[in-house]
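Work through the exercises below with the structure in view. Try each task before reading its solution.

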Amino acid sequence: LKPPARRVLAKDAIDAALHADGAVALDLPQAWIAKLTAPNQAGAAMLMHRTATRARKGKPVSFADSTHEIEPAAEPEAIQAIQDCLDELGILDRTARYFGMRRAKLHHVALRVNSPGETWHTVFPDLGWANPPLSGLHVDSGWAAYLKVLIYLSDVRPGNGPLSYVAGSHMWPSTPFDQAVRKAVDRTDLSSRTPQARRLFAALPEELQLRADKNTRYEVVAQ
């Protein structure tokens, strides 16, 4: 989330939380949990089978392994359920109001299954070192006006992927140059966790050592 548009006033407590913190948590009615779960059961079952199979074989579980991109043409019922939910809760109207725009639309939908066996966030997979405290925290490298919505369809506990967010970080300064560098680095092998990628990243000029990950400085110390 980016800073709100200038001179945009908060309409209620939810708007005020978005303005001040950049995030807000809402309780989703149980009826909507059921409506959203039904069209996504097949996708969730596929992801759980895939991640469990890789873990059982001792293979790493990547972010892509535990994520399913929902395409409107292939899964129209899932897309429509999410669209209806966002409309009823007024999320799209809030997004447009926050950015001072006339309207907002649903852009991208993905289904994820978090599991303890995931290894994509392991910083030093070859060395066996413990992850640094900030492992997993990152900055979205895009700079378009968008609001990210996470809908949990099952109970969330410390071991299965709760969202961590730094309140107020949407107001941190970030230049177009910083954003462009992050996006360029994240779309190349320099965003990898391999020893070669870490060496190449460490060889960059300091002003180019920017990644979406907030634990970048920890990574470059390893050979």
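**Exercise 1.** Decide whether Y98 and F99 are buried or exposed, then describe how their rings pair.

*Solution.* Start with burial (under 20% relative accessible area, 1.4 Å probe, protein chains only; exposed is over 50%, partly exposed in between). Y98 is buried, and F99 is too. Next, search the whole structure for aromatic pairs (ring centres within 6.5 Å, with the six-membered ring used for Trp). The search gives 1 pair. Y98 and F99 form it, with 4.9 Å centre to centre and 80 degrees between the planes. That is edge-to-face (planes over 60 degrees apart; under 30 is stacked, the rest tilted).

This is a predicted model: local features need pLDDT of at least 70, side-chain atom pairs count only at pLDDT 80 or more, and totals for chains, interfaces and linings use all residues. Residues are numbered from 1 along each chain as its sequence is written, and side-chain values use heavy atoms, without hydrogens or water.

**Exercise 2.** Find which residues touch the most other members of the largest nonpolar core.

*Solution.* A nonpolar core joins buried Ala, Val, Leu, Ile, Met, Phe, Trp, Tyr and Cys residues through side-chain atoms within 4.5 Å. The largest core has 16 residues; L36, I70, I82, L86, V109 and L111 touch the most other members. Now find the main supplier: α4 gives the largest share, 6 residues. Helices are DSSP runs (H or I, at least four residues), numbered from the N terminus.

**Exercise 3.** Locate Q209 and find what its side chain reaches.

*Solution.* Q209 lies in the loop between α7 (195–203) and α8 (216–219). Its relative accessibility is 10%, so Q209 counts as buried. The Q209 side chain reaches the backbone oxygen of L204 at 3.0 Å.

Technical notes:
Helix = DSSP H or I, 4+ residues; strand = E, 2+ residues; numbered from the N terminus. Polar contact = N/O pair within 3.5 Å; in protein donor to acceptor, adjacent residues only side chain to side chain.
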